[in-house]
Amino acid sequence: MKLFDPQSPVSLGPLAQALADKVAAKKAVIGIVGLGYVGLPIGLEFAKRDFNVMGFDVSTQKVDMLNAGENYNEDLSDAEIAAVAKNGRLKATTDFARLSEVDVVFIAVPTPFNANKDPDLSFIERASEKVGEALQRGQLVILKSTTFPGTTEDYMVPILERSGLTTSVDFFAAFSPERVDPGNKTFHTGNTPIVVGGIGAEATYLASMVNNAIIEKVYMVTNPKIAELEKLLENIFRSVNIALVNELALLCERMEGIDVWEVIEAAATKPFGYMKFLPGPGIGGHCIPIDPYYLSWLARAYDFETRFITLSANTNESMPLHVTNKVIHIIAKQPISLSQARVLVVGATFKKNVKDMRHSPAEPIIRNLEEAGVGHIDVADMWVPEYEAHGRVFKCLEVTPEMLKTYHCAIVVTDHDAFDPQMIVDHSNFVVDTRNMMKNVTGSREKITLLGSTL
């Protein structure tokens, strides 16, 4: 691996050199397939740096909003989206035939898993088909979607080559995983280092050069498989360490006088050899709940079982049920049946201070409560107007003293800064706090059941 240096001399063939010259002169047209939380920030960064950008999406709503200069991503600036739409640097379309007009194509589409937790590459495959139908000589195609090693070379490229063009001869292909952290106010697309692995030296150089136009630090690796696996490692690293503290939290609940949150804070005082992770009601977002299963699925093809990684994923997936059981236990202590119980889910997005609801632990908690027979469930979240879970759409409520008193239990699933912990405790009958949001409240602590503590 080495850091891309635009000043380092390199020998390119005529086709690659022609594209490199376009990029250097900012004459290359950048195409973005998938205008979601990964694709749109990439497009915006290029447009801000005076590249012409054409975004492609199947959603007419997204396309219409962008062409009107309207933003739908809370991590991006409304003013910046409006500016690049107004000056014509960023345009969007649902006409994928216009991919023939671009020089560089970023594919940034979802990669979920199916009901059996096997990888679902249908979005990548359909996007590759659209790109392949319009593929031109000299184009560079960069896959951004998180996936397992071999996807670029064994899935995307064969589809592209149905065009009659050959990779590394007629066009160039590379993988460069996204590194997006929704809600992060410090790191964003423009200042987060990335990794690039191309099929061949020319593709690696070109993909690095293109990314370096908007990102200062670009690291080149030997091939796409290495870049694909390093992305899985990033997210599985988090999954494993979250599972560790989740398991520790479950142990602390059985041990007298130990608060896992204080244990973690104490460990975090060590200035080396320790990284702080927090327990919670379950994991969410797009990558962390999915990536362990992508790797375990691939490992089976090599007659290998990723026991440690799979166990960690299973541990994290068990947390919503554990939280549900804590709520049911609290209800059982009250003179009320489950069918008459009223429960309030406080926070529904997968992490604090964002609108992102993908794989939020609120969904399995709600599902478990309904299947257990809890009669009435409401959701409160100021970041989203409604939340869909277990086949129902919940209108998100405002948390007020009056409404809190009407519930037999409130569950803190997402600790948005806008929530008032003291008010929630003062006016609730009982609170299950899965995020340690109530750590600084005074009085009434007998109402609080804290994940990972018997204190």
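Trainee: How many cavities of 30 Å³ or more does the count come to?

Mentor: The count comes to 1 cavity of 30 Å³ or more. The model is a predicted one, in which local features need pLDDT of at least 70 and side-chain atom pairs count only at pLDDT 80 or more, while totals for chains, interfaces and linings use all residues. Residues are numbered from 1 along each chain as its sequence is written, and side-chain values use heavy atoms, with hydrogens and water left out.

Trainee: What makes a space a cavity?

Mentor: On a 1 Å grid over the protein atoms alone, a cavity is a set of points where a 1.4 Å probe fits but cannot get out. The largest cavity has a volume of about 100 Å³, a volume being the space filled by probe spheres set on the points, which are joined across faces, edges and corners.

Trainee: Which residues line the largest cavity?

Mentor: Lining residues have an atom within 4 Å of a point; among them are V38, K144, E178, R179 and N211. By class, the lining has 6 nonpolar, 3 polar and 3 charged residues. Asp, Glu, Lys and Arg count as charged; Ala, Val, Leu, Ile, Met, Phe, Trp, Tyr, Cys and Pro as nonpolar; and the others, Gly among them, as polar.

Trainee: Why is D21 called partly exposed?

Mentor: Buried means under 20% relative accessible area and exposed over 50%, with partly exposed in between (1.4 Å probe, protein chains only). D21 has 44% relative accessibility, and therefore counts as partly exposed. D21 lies in helix 1 (residues 14-24), a helix being a DSSP run of H or I of at least four residues and a strand a run of E of at least two, numbered from the N terminus.

Trainee: Why is D50 partly exposed?

Mentor: D50 stands at 42% relative accessibility, so D50 also counts as partly exposed. D50 lies in the loop between helix 2 (39-48) and strand 3 (53-56), and its phi is near 70 degrees, a positive value in a residue other than glycine.

Trainee: What makes a set of residues a nonpolar core?

Mentor: The set must consist of buried Ala, Val, Leu, Ile, Met, Phe, Trp, Tyr and Cys residues joined through side-chain atoms within 4.5 Å. Of the 44 residues in the largest nonpolar core, I30, F46, V104, F106 and L140 touch the most other members. Helix 7 (residues 201-212) gives the largest share of this core, 6 residues.

Key
1 Å grid on protein atoms, 1.4 Å probe; cavity = no way out; pocket = protein on both sides within 12 Å on 5 of 7 lines; lining within 4 Å.
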